[in-house]
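This briefing covers a helix pair, a nonpolar core and a chain contact. Please keep the sequence and the structure at hand while reading.

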Amino acid sequence: MLHVEGLARQYGPTPVFAGVSLTLARGEFVALLGESGVGKSTLLNCIAGLDRPDAGRIVVAGREVATLSDDDGARLRREHLGFVFQAFHVLPHLTVAENVGLPLRLLGQPDDRRVQAVLDAVGLAGLDARWPAQLSGGQLQRVAIARAVVHRPGLILADEPTGNLDPATAERVLSVLQAQAHEAGAACLLVTHSAAAAARADRVLRLTPTGVRPVDRHDA
Amino acid sequence: MNLSLLWPLIRREWRHHPWRHAVALLAVALGVALAWSVHLINRSALSEFSAAVRAANGEPDLALRAAAGGGFDDAVFDRVAADPTVEHASPVLELDTYAQAPGGGRVALRVIGVDALRVAALAPALLPRAADGEDRLAFLDPEAAFPNAAARARLGLADGGTIALQSGPAWQRLRVAGTVAAGGLPLVVLDLAGAQQHFGALGRLTRIDLRLAPGTDTAQLLARLALPPGVVAVAADEATQRVSQLSRAYRVNLTVLALVALFVGAFLVFSVVALSVAQRTPGFALLGVLGMTAAERRRLVLQEGALIGVAGSALGLLLGAGMAAGALRLLAGDLGGGYFPGITPRLQWDAAGLAGFALLGTASALVGGWWPARQAAAIAPAQALKGLGSIDGSAPPAWPGLALLAAGTAAAFAPPIAGLPLAAYAAVAALLFGGVALVPAVVHALLHAWPPPRGALALLAVQRARFARRTATAAVAGVVASLALSVALTVMVASFRDGVSRWLDSVLPADLYARSAGSSAAGEQAWLPPGFAAQAAGVDGVQRVSASRTRSLPLAPGRPNVVLIAREIADPAAALPLLEAPRPRSTLRDGEVAVWVSEAMVSLYGAAPGTTITLPLGEVRATARVLGVWRDYARQFGTVAIADGDYRRLTGDERLNDLALWLAPGTDLAAVQAALRALLPDPAMLEFASSRELREISLRIFDRSFAVTYYLQAVAIVIGLVGIAASLSAQVLARRKEFGLLAHLGLTRRQVVAVVAGEGAAWVAAGTVVGLLLGLAVAMVLVFVVNPQSFHWTMELVLPAGRLAALCAAVLAAGTLTAAFSARRASGGAAVQSVKEDW
């Protein structure tokens with residue numbers, strides 16, 4: 001689903017990372033560790049086509065990201081990618097159901113039953129008409145996860161999704177993501193600083209300035 | 001938390017956005033400058049004009065004046081002067097005429113005949129001062145003239161030279177024997193007997209100025225004097241009051257228009273401060289978490305508004321004083337109304353006015369900052385830090401807006417207050433504020449009725465609008481206010497101009513017009529001989545001649561004189577632009593004459609059709625029945641038209657002032673003018689204008705008079721557009737993270753721009769519709785209430801569809817483009833980064 005090869009990125013004269021190569025297959029739940037500032041978010045942006053790498057190639061769902069126009073890149077994200085952010089980024093002016101259903105509407109396939117099913121799956125049944133301001137942090141993150149998976153993307157990019165959550169809620173969120181990978185067959189790349197989160201992954205990788213190397217998940 | 005602690009926060013905000021705050025400051029400055037300069041110019045012009053009037057009239061305790069042109073018998077003077085309570089009495093014969101200019105042509109001036117031995121105590125500025133080499137008693141010489149400095153300058157006079165003054169169709173040549181100190185307009189002082197002799201007024205006076213013994217009861221004095229019917233007593237300041245009255249409505253209208261600029265400036269302050277608050281919401285939230293209370297946040301924003309107001313007012317006062325000084329130098333104090341001709345006033349300072357306008361400017365900025373200050377206070381820190389905002393689904397109350405609209409409508413039907421349309425101005429303000437206050441309720445109702453759309457882009461736009469109803473309301477309110485003002489001014493000016501244009505068509509039916517004098521007052525001396533019309537009819541190319549006599553009648557003390565026009569009126573409906581069919585002459589009773597009056601006569605003197613008025617025609621007081629009302633855009637204070645036969649029968653006055661001439665096709669206008677001029681002793685005694693020239697001159701004067709409204713329209717539109725830009729930018733900036741998220745979800749930048757431009761277009765369109773309707777309502781108040789109450793004439797409502805459509809389209813296009821431009825900027829790479837900031 002995702003193939004990254006020899007990726008390098010630098011901001012001006014300062015290199016962020018170089019020689020990054022990794023592959024994710026469908027159904028894989030992979031954790032990516034790394035020091036602060038090593039470029040984890042930049043790597044995710046490059047994979048999503050929102051940032052341009054200086055070297056290397058990225059293939060998502062069989063398409064070379066670097067060759068895509070802005071519109072094609074947007075279409076790729078719409079169809080094949082799901083995002084989960086540390087700060088939730090739930091639109092405050094849409095209800096829970098409208099937030100979750102937004103990717104389907106963007107694809108021109110509004111589907112209220114699918115939205116309800118995903119809300120059930122993340123434990124938010126009955127909250128569909130609520131406004132984001134009426135939810136707790138854990139609930140907001142589950143809305144964000146529901147939105148990331150509702151359109152059945154092939155690749156989920158989750159950046160510190162449990163960073164703002166208490167351990168119990170974090171555990172629940174990770175379960176949802178893991179289920180999405182193992183049961184729905186999506187590839188899920190989880191950026192995290194949490195050893196507990198990494199321990200649930202199928203594989204653990206560590207991003208360094210010189211590349212990505214595998215880590216034993218029990219050593220994470 | 002005191003201001004010294006808040007000041008660094010304000011300073012930092014201003015340093016970050018210097019241009020934005022500079023624009024708001026400039027808007028307040030322009031509003032204050034305009035209002036202050038209009039105030040200064042009017043005050044200076046009025047003061048100078050009043051000073052000139054006081055110089056010519058002196059400063060008596062009481063003046064006895066002729067109730068009509070032609071004056072009164074000078075025998076009255078002996079009786080008055082003999083009264084024991086009269087300490088000083090000064091007889092005066094005052095008249096308007098022309099002096100012969102050195103290079104041909106004429107200069108209008110006032111002739112004042114005085115008794116030099118008596119005038120010094122009451123009007124020292126009129127005391128003749130003999131020139132070197134003249135006899136010490138030259139002021140008693142009936143052939144000696146004493147022009148003031150203005151007359152000397154205009155006529156190039158020197159001591160010992162000759163001044164020629166027009167008396168009827170002849171020049172009276174007098175020796176320049178000295179001067180007088182009176183300033184202001186050109187005037188010449190003669191010995192009273194000489195003036196009576198040269199101007200056919202033997203034994204006549206127009207005024208007696210009195211200085212009374214302290215404690216004199218004026219009523220008792222007047223009872224003792226038992227003045228004859230042609231003489232009235234007027235208060236000392238009557239002449240000054242009359243000058244003030246003459247221009248009052250125009251001055252008040254100008255001031256109100258200038259204040260409108262300040263009102264629009266307040267909207268810009270509102271937009272800028274609202275934008276600033278929207279941008280700083282996370283900062284305010286953080287300050288809230290750190291311990292800044294809601295009241296302190298409100299105070300901080302209000303202090304920003306106050307600073308804009310104080311700085312803008314200070315700049316505006318400086319700018320206004322400069323504008324006033326420039327206008328006084330270039331326009332001589334005449335802002336287009338033509339009320340203060342021939343004077344060059346000096347700038348008159350006014351400390352109370354200065355303080356008042358400074359306060360007004362600051363208050364307008366505070367009003368503009370009030371709503372954003374409330375918004376800053378209402379921020380829920382925790383929610384705002386999470387970027388979630390707060391939900392407000394409750395319907396905003398509609399009653400304040402509706403109540404203001406109702407009050408405005410009611411005030412529009414109220415009568416004038418102290419002769420001014422104050423209630424109508426209040427109506428305009430109430431309608432504007434009411435319309436703007438109703439916007440939130442209208443927006444809420446519109447959104448409430450709109451079901452959530454299925455499409456993603458439409459859903460985002462509608463739900464965002466619902467969520468950000470208050471911000472959208474701010475943008476729409478700016479559009480409503482500025483467009484309503486522009487529409488109202490456009491419709492009012494178009495209606496008036498169209499009315500004047502059509503009126504000119506009806507009052508200028510002849511090919512050529514000739515006149516002996518430029519004013520009805522000067523027409524008393526500068527007239528054409530009785531047989532002149534018949535002689536004119538005999539000139540080659542002249543097919544028909546219609547002659548008229550114009551004179552000035554004082555109908556009420558303290559009010560400007562009314563103009564009486566005696567002319568051929570065989571068929572009133574054809575001769576005059578009547579508002580409705582005239583009453584037949586058969587309704588006249590014995591001893592009455594028929595008159596047709598202008599609209600001003602009805603509103604100022606109650607001279608409605610069917611009523612009677614008394615015309616003081618010299619010794620005769622004629623009872624005239626009003627048979628019809630006609631439209632007169634040339635004379636604001638009343639005109640009475642009477643058939644020339646009736647006028648001659650009542651007065652025996654055969655003199656003429658104006659001629660309308662119908663020419664044979666192909667006639668050479670210049671040849672006719674030369675032939676007519678040749679019939680008089682001096683060709684300068686006749687002024688000509690073709691109907692086309694008169695029409696052009698009239699419309700040019702009209703456009704000059706309304707130049708300030710064009711400027712205000714431009715200011716309103718520019719400020720409205722800046723307001724839209726600021727409000728929409730505020731929304732768009734607040735949505736940067738939303739755009740970043742939408743980019744992650746797969747929206748292209750073009751789609752984001754389309755969503756925002758669509759939202760902007762929808763809001764601006766709603767604002768345009770409300771602004772247009774509100775503007776039309778305000779225009780109706782201006783056309784049907786303010787104009788008749790200010791200037792005593794009516795007009796029909798004209799809707800310049802093309803111009804209004806262009807105005808609305810410009811606002812709509814500018815609003816949509818602004819939204820699209822803002823969205824384009826906000827949805828770029830920075831938007832993606834704004835999401836990344838939280839990763």
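At what angle do the axes of helix H3 (residues 96–106) of chain A and helix H5 (residues 137–149) of chain A cross? In this predicted model, the two axes cross at roughly 30 degrees and come within 7 Å. Because angles under 35 degrees count as roughly parallel, H3(A) is roughly parallel to H5(A).

**Helix pair in chain A**
- The crossing of H3(A) past H5(A) is right-handed.
- On the H3(A) side, the residues that meet H5(A) are Val96(A), Asn99(A), Val100(A), Leu102(A) and Pro103(A).
- H5(A) contributes Val143(A), Ala146(A) and Arg147(A) to this meeting.
- By class, the residues of the contact of H3(A) with H5(A) are 6 nonpolar, 1 polar and 1 charged.

**Largest nonpolar core**
- The largest nonpolar core has 325 residues, and those touching the most other members are Cys188(A), Leu190(A), Val269(B), Val480(B), Val595(B), Val778(B) and Val781(B).
- Helix H8 (residues 238–279) of chain B gives this core its largest share, 21 residues.
- Apart from neighbours within four places in sequence, Val595(B) is in contact with Ala624(B), Val626(B), Leu627(B), Val640(B), Ala641(B) and Ile642(B).
- In soluble globular proteins, nonpolar side chains tend to be buried together.

**Contact of chain B with chain A**
- Chain A brings 30 residues to the contact and chain B brings 29 residues.
- On the side of chain B that touches chain A, at least two residues each come from helix H15 (456–467), helix H24 (736–745) and helix H27 (829–836) of chain B.
- That side of chain B holds 12 nonpolar, 9 polar and 8 charged residues.

Terms used. Residues are numbered from 1 along each chain as its sequence is written. Chains are lettered from A and ligands numbered from 1 in the order in which they are written. This is a predicted model: local features need pLDDT of at least 70, side-chain atom pairs count only at pLDDT 80 or more; totals for chains, interfaces and linings use all residues. Axes are lines fitted to C-alpha atoms, for helices over the stretch in contact, and angles run from 0 to 180 degrees between N-to-C directions. Helices (H or I, at least four residues) and strands (E, at least two) are DSSP runs, numbered from the N terminus. Angles under 35 degrees count as roughly parallel, over 145 as roughly antiparallel, 65 to 115 as roughly perpendicular and the rest as oblique. A crossing is left-handed if the near helix is turned anticlockwise from the far one by less than a right angle, and right-handed if clockwise. Two residues are in contact if their C-beta atoms, placed from the backbone, lie within 7 Å. Ala, Val, Leu, Ile, Met, Phe, Trp, Tyr, Cys and Pro count as nonpolar, Asp, Glu, Lys and Arg as charged, and the others, Gly among them, as polar. A nonpolar core is a set of buried Ala, Val, Leu, Ile, Met, Phe, Trp, Tyr and Cys residues joined through C-beta atoms within 7 Å. A residue is buried if 20 or more other C-beta atoms lie within 10 Å of its own, exposed if 12 or fewer, and partly exposed in between; C-beta atoms are placed from the backbone.
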